Amino acid sequence: MSSNLLELKDLCFAWPGSTEDCLNIAELHVRPGETIFLHGPSGCGKSTLLSLLAGVIVPQAGYVALLDTHWGDLRPAARDRHRVDHVGYIFQQFNLLPYLTALDNVLLPCRFSAKRRDAAVRHAGNLRAAAEHWLTGMGLNAQVWNRPAHTLSVGQQQRVAAASALMGEPDLIIADEPTSALDEDRREAFLDLLLPACTTTESALVLISHDRRIAKRFSRQISLPAINRVTFDGEVIV
Amino acid sequence: MNRGYLINLAWRSAWNRRFTLALTVCSIALSTFMLLGIERVRMDLRSSFISAVSGTDLIVGARTGSTQLLLYTVFHVGAATNNIRWSSVQALEQLRGVAWVVPLSLGDSHQGFPVLGTTQAYFEHFRYGEQQPLQLREGQRFHDLYDAVIGAEVADRLGYRINQRITLAHGTGKVNFGADHADKPFTVTGILARTGTPVDRTVHISLEAMEAIHVNWITGVPLPGMHIGPEEARKMNLQPKSVTAALMGLQNRATVFSVQRQVNNFAAEPLMSILPGVALDELWDIVGAGERALLLMSGLVALVSMAGLVSVVLAGLNERRRELAVLRAVGASLYHVLALLTLEGILLTMAGIVTGIAALAACILVLGPWLQSTFGLSLQLGQPTPMQWLLLAGLLLAGWAASLLPGWRAYRLSLADGLSPRI
């Protein structure tokens, strides 16, 4: 077993219907507990890379492996299970089901993953206590726990999403521009909460953003254009 | 993932979109209503036609076309070319195997409704639908010479009650050419219960009364200068010399063809007899074009309803793209997403269908009498026909397929967009 949480090798990926590769990356790995800042201009394939890392899509050549399991070797249903067991996901916006309360939204991953449910119960005694722990940890007080998600502010919603991703302490948290809908103060405050939480759970974090100002807070920075051998013009640099 | 939670989630999600979903249910209900309603009308149109006469084994008249004989004896439409003599009617009663003969005399009308001269035996032996006898809604049969028993529609349309005085007009047109029987008014003594057949549109009087109002008439016109008052007429011989046709019942239905042959070979005058069922089928073949048009319309409505259903469900579910992406991100598999979508699709379709059926039943109950009196359509609440079951199954299938389509789309999108769909 390698010491890498996530391993990517000789990857080639093109969107269906496209004749040119979108991504061509020789190697990338993420060690457990690492926090990685992945940056690059809009449209360079950052979100595509995250989808590949999370096993939502599989590459045409090469492989991506999470905990030594190649995403491409799994059937779709098994991929879904492996993902929810080990990966927490935060979007730029709209992470929550608007008709559920903040608390119910945080509990959602544990409804689909027995592994994360067990982990949450092991650490906090019961599911609800775990959810409340992470909601508090993300700076949300008890007054908002039982409010429907659609009544929360955008900043609160992102923090609920982070609490949800942290539930059951997954090995990897993937965040796709989670702060771009927030103003500068809230952005810092959000990272002030998320980064220590990842340290606590020993989760690795891969966060993409085009905002280089927050880069210094991560343990490693990766520029996607620097590792991607496909240029913007679609040419492959060998 | 336990199944109960998935259903709970489906319910919470549906409740969140309750107004859109209510519209969807209404639209499906409307489709169901239309489809079943048209099918109901089609079926009942046919059955009210076929049920116009039953329990009569043969209809006897002067030689003419079988359809024509049926039209004027049962539907009171058109006119006979020739009458049959009273002596022939008496002879028919004597034929072996004949249980009863009811003579019919037509040709007059009241406010456009045909007048039928007949005997008390008519009320005994005439049957319609499923061998149902005629029943009086009010009053009694005719006993006095100038008594009349009217059908339910005559009563309802003209607002007649018992003891209403009416006068009959000569001929069957609605327009009165001045040739009427105003000198001999009749009194309504009975109103028949509704049958959904031409009986409802008929004024019944006795054969003797028919004779009495024509005593001073010859070949369709009153004799000039000859006036016989109603009371004088009573004293005359009112035995009819001829009638238009006769209904015949047999002791044993198996002998129907031998009796028919005897009637058709009747020596004293040329007669013909028809089997009502066979003649009704022949006639339905002619007038059934309307039914086929309704069937075509049913088909078109079905097509449009199902297309509408698919588009409504699709439009409703398209707004859930973001919701489905969130569910995928928190670990719902494609199986869960498909289950959510189809569960909702099928439940919505079923709710719509049930609402539609309930609305149709309520409409038939509430509007039934009005439809009957305005359009002469008698709609029955009853077991759905096989065709209706088929239509319902088609609707359910279309609803299910319509809900699968967004599932398929969600699957394609998750492949194309990754986990973060573009808005």
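The model is a predicted one, in which local features need pLDDT of at least 70 and side-chain atom pairs count only at pLDDT 80 or more, while totals for chains, interfaces and linings use all residues. Residues are numbered from 1 along each chain as its sequence is written, with chains lettered from A and ligands numbered from 1 in the order in which they are written.

Back to the helix itself. α8 of chain A covers residues 184–201, 18 residues in total, and spans 26 Å from its first C-alpha to its last, close to the 26 Å expected at 1.5 Å a residue (1.5 Å times one less than the number of residues). Helices here are DSSP runs of H or I with at least four residues, strands are runs of E with at least two, and both are numbered from the N terminus. Buried positions in α8(A) are Arg187(A), Phe190(A), Leu194(A), Ala197(A), Cys198(A) and Thr201(A). Looking down the axis of α8(A), these buried residues fall within an arc of 110 degrees, so they line one face of the helix; the arc is taken over the directions from the helix axis to the C-beta atoms. A residue counts as buried with 20 or more other C-beta atoms within 10 Å of its own, as exposed with 12 or fewer, and as partly exposed in between, with C-beta atoms placed from the backbone.

On the face turned away from the buried side sit the exposed Glu184(A), Asp185(A), Asp192(A), Pro196(A) and Thr199(A). The buried residues of α8(A), for their part, pack against β3 (35–39), α5 (127–137), α7 (154–166), β7 (172–176) and β8 (204–209) of chain A; contact requires C-beta atoms, placed from the backbone, within 7 Å.

Helix α5(A) also meets α4 (residues 114–124) of chain A, their axes coming within 8 Å and crossing at roughly 80 degrees. That makes α4(A) roughly perpendicular to α5(A), a label for angles of 65 to 115 degrees. Arg117(A), Ala120(A), Val121(A), His123(A) and Ala124(A) of α4(A) make the contact with Leu127(A), Ala129(A), Ala130(A) and His133(A) of α5(A).

Positive phi values turn up elsewhere too. Asp10(A), not a glycine, has phi near 45 degrees and lies in strand β1 (residues 6–13) of chain A. Asp10(A) is exposed, with 12 other C-beta atoms within 10 Å. In chain B, Gln111(B) has phi near 50 degrees and is found in the loop between β3 (98–110) and β4 (113–118). Gln111(B) is partly exposed, with 15 C-beta neighbours inside 10 Å.

Technical notes: Two residues are in contact if their C-beta atoms, placed from the backbone, lie within 7 Å. Axes are lines fitted to C-alpha atoms, for helices over the stretch in contact, and angles run from 0 to 180 degrees between N-to-C directions. Angles under 35 degrees count as roughly parallel, over 145 as roughly antiparallel, 65 to 115 as roughly perpendicular and the rest as oblique.
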